[in-house]
Amino acid sequence: TLELTQNRMLRMINNNRTIEMISNKSILEKFNLLSVNQTAASIKLIEVWKSFNQEGYPISFEPYNQNRLNQNRNLRPQANRVLKDSCRLKRYESSFFIDAARLWNAAPTEITDAPSLGVLKAEVRRFCKNLPI
């Protein structure tokens, strides 16, 4: 419903109707806005960065620990995994922590190694523009 509301608002601002068949992507680009899903991804990336770089931040993520894996199995190493992005239960797969960890593990080094919050926000916006709407 939030995405539908955003689309209606964009069409109202752009002064067109759905009958005119103008894509939401072109309207978002025209006003330099992110979609609802892209905004959610940017919020998650910023929260993960804050949890690592601000002392006493209330959110903490579980790191990916290769030593805890069963050593009897031969698995491919995943060097890019920093945070634990999997869970045992199906209902937790779309939780904030798992989604944020998945995004953080897929983020480029410009985001993960950002020196300040201002630099981070610019890089996150650039990265999230490439994510699907």
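Trainee: Is K44 buried or exposed?
Mentor: In this predicted model, local features need pLDDT of at least 70, side-chain atom pairs count only at pLDDT 80 or more, and totals for chains, interfaces and linings use all residues. Residues are numbered from 1 along each chain as its sequence is written, and side-chain values use heavy atoms, without hydrogens and water. K44 has a relative accessible area of 16%, and with under 20% counting as buried, over 50% as exposed and the range between as partly exposed (1.4 Å probe, protein chains only), K44 is buried.

Trainee: With which residue does the side chain of K44 meet in a salt bridge?
Mentor: A salt bridge places a side-chain nitrogen of Lys or Arg within 4 Å of a carboxyl oxygen of Asp or Glu. For K44 the N to O distance is 3.3 Å. The partner is partly exposed, with a relative accessible area of 21%, and its name is D99.

Trainee: How many residues apart are K44 and D99?
Mentor: K44 belongs to helix α3 (residues 36-53) and D99 to helix α4 (residues 96-106), helices being DSSP runs of H or I with at least four residues, numbered from the N terminus. The pair therefore links distant parts of the chain, its separation being 55 residues.

Trainee: How far apart are the closest N and O atoms of K50 and E47?
Mentor: Both residues lie in helix α3, three residues apart, about one turn of the helix. K50 is buried at 18% relative accessible area, and E47 is buried at 16%. Their salt bridge has its closest N and O atoms at a distance of 4.0 Å.

Note on methods:
Helix = DSSP H or I, 4+ residues; strand = E, 2+ residues; numbered from the N terminus.
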